[in-house]
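Hi everyone, thanks for coming.

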Amino acid sequence: MADEEKSPPKADNGGETAKPVSKAEASLASNPPSGTPGIPAGSTPEPAKPAATAPAKPAATAPAKPAGAAPAKPAAAAPAPKAPVKPDPWTSPLLDALQKAFPGAIQEAVVFRKMPSITVAKESLLALCHFLRSEEGGAYTLLTDETAVDYPKREKRFDIVYHLYSFERNDRLRLKVLVAAAEPLPSVTEVWPAANWLEREVYDMFGVVYEGHPDLKRILLPDEWIGHPLRKDYDILRQDAAWVKSNLGIESGQ
Amino acid sequence: MPETTYLDASELMINMGPQHPATHGVLRVKLKLDGERVLGSECVIGYLHRGVEKIAENRTYAQFAPYTDRMDYVAAVTNGMGYVEAVEKLLAVEVPPRAQYTRMVLAELQRLASHLLWLGTHALDLGAMTPVFYTFREREEILKIFEKYCGARLTTHAFRIGGLQYDLYDGLEQDCLKFCEYLLPKIDEYEQLLTKNRIWINRTRGVGVLSAADAIAYGVTGPVLRGSGIKWDIRKVQPYEAYDKVEFDVPTGEHGDTYDRYIVRIQEMRQSVRIIRQCVERLAPGPIFGKVGKVIKPPAGEVYHSIEAPKGELGYFVVSDGTVNPYRVRVRPPSFVNLQALDIMIRGHLVADVVAVIGTLDIVLGEVDR
């Protein structure tokens, strides 16, 4: 790791520890919060980090109170860690070739922890995948993984994430496409047959609909399952209550 | 597809599994048959689905680590290793050398245990009764070392994010070396039982052939990919821990059939012994934990980290939003992706060969279904 990358996160961990410990233990409701600040201070490898501890301290007192303070905390903590570990822009001959072949298709190209990641427009996804798989596109012949991440507050809530590997370059590349909830996405099974089950899993867990998939149906869950569990707004209790009501005819006690 | 009909019953659908001793768990395969010959197949999976990825979102980074052991439950050490390394990558933490070599020793022992279990059950599926008793006997010795190290035999939770929970017990080095000394002649013994055995050769040669091109297209990794002749091992091409500092070979097959995959795994066991011996030599005293706070709170960002698990590429895609809980943890299980190739591998073969191919893919349903 480069030095400028390495030191800031350490400062985060060193300085911020006082706060999350109290949150975690408060939620466990086992230890009195008053005892918690001592624990991380003693065990943290770098105890004295004046720059980081200063902003952390006022927050540390707040989360000692349970539940109510919890939602406010990530918002307060967000600016501090984000600043030092922002992903760097990615520059590479491959990226230039991609931008030349597909002008305007690459929306973002960054490197984080040595892994390049590009976000592409949905319209040019399939052509771009064919290009990446071909010799001049870097020969990314192995699709190691395809999955999704749900950000319900965004307009295009799903990140569809492809992890590619090129044997020739011995290199991994992350490809991302943003789609909205009911927006169909072209299937990449014609480029990499390995995507077949992976896309079925994404459909099963997130409800992303693929166009041109040979056999799009649930894979891990039963066919009659309602909802898509890995969505952030999936509610297991409501699901359970509905099941109890329809199958047993009584109100669920949960 | 053959056009011959016999009593209006040219095609027959049968279910293999989910309760079938040769499917190594709860795998259901719908087979379309013409007599004894397989025309097509469809896997029905998910019987062991426990929602591991969803569980991760409601746990802290450290709390989730034990859950990873329950995916590939015959190779828990490597499962945990992949996860802790992914979080370490996110945190940008360096693990001290003693912890690295310890991890490698245990991971290679786990690879041996996994391959031993595979060899025994695979041979048993194909009618060779003897090896399973021997391989389980040897595997037991590995599990004893795990038990002495961390108290658990199977779901070990051996590593922590940043290093190790426990330093080595006195004599682990000797136990490992003694075991290596003990195992090598045993591997020769297995080979005496199988490698030139005519029945074994007839059951495995030319069965379940997977060409190199197909293997890549279907995303197959691990010994199955190497059996198809592609020299690709993540320990070599993108080394993690200290694999770049030890010497070992990557065995490959030629024909991509069940026999070649058998040979590849047997050779891998010898290479694992080689790695263990080198690592034990380098286990110098020193710290076992990197600079990680009590509470793990990585910066916002996403990492993908993969390791060479006994079954293939095991990847973890971890997304952090800067809080103590992972925003998303995606597990890229080798068994799930490898199982996808089953269909093209068994077409045209006999039903009895389906058993051979399921065995040679070395799947664990806990990992397929998560």
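Predicted model: local features only at pLDDT ≥ 70, side-chain atom pairs only at ≥ 80, totals over all residues.

Residues are numbered from 1 along each chain as its sequence is written, chains are lettered from A and ligands numbered from 1 in the order in which they are written, and side-chain values use heavy atoms, with hydrogens and water left out.

Let's look at the interface. About 5000 Å² is buried between chain A and chain B, and carbon and sulfur atoms give 60% of that. Buried area here is the accessible area (1.4 Å probe) that two parts lose on being put together, summed over both. Three residues, Arg172(A), Trp197(A) and Leu220(A), supply 14% of what chain A buries against chain B, more than any other three.

Eight salt bridges cross between chain A and chain B, each being a side-chain nitrogen of Lys or Arg within 4 Å of a carboxyl oxygen of Asp or Glu. In one of these, Arg172(A) meets Glu313(B), at 3.1 Å from N to O.

For the numbering, helices (H or I, at least four residues) and strands (E, at least two) are DSSP runs counted from the N terminus.

Moving inside chain A, we have 10 helices and eight strands. Of its 254 residues, 47% count as buried. Buried means under 20% relative accessible area, exposed means over 50%, and partly exposed is in between (1.4 Å probe, protein chains only).

Please find Arg157(A), in the loop between strand 4 and strand 5 of chain A. Is Arg157(A) buried or exposed? Its relative accessibility is 10%, so Arg157(A) counts as buried.

Over to chain B and helix 6, residues 172-194. At 1.5 Å a residue, its 23 residues should span 33 Å, and the end C-alpha atoms are 32 Å apart, which agrees; the expected span is 1.5 Å times one less than the number of residues.

Last stop: salt bridges within chain B. Glu108(B) and Arg111(B) pair at 3.0 Å, N to O. Both lie in helix 4 of chain B, three residues apart, about one turn of the helix, and both are buried. They also belong to a network of salt bridges that includes Arg226(B), Asp233(B) and Glu268(B).

A second pair is Glu140(B) with Arg153(B), at 2.6 Å, N to O. Glu140(B) lies in helix 5 of chain B and Arg153(B) in the loop between helix 5 and strand 4 of chain B, so the pair ties together parts that are 13 residues apart in sequence.

Over all chains, the structure holds 44 salt bridges.
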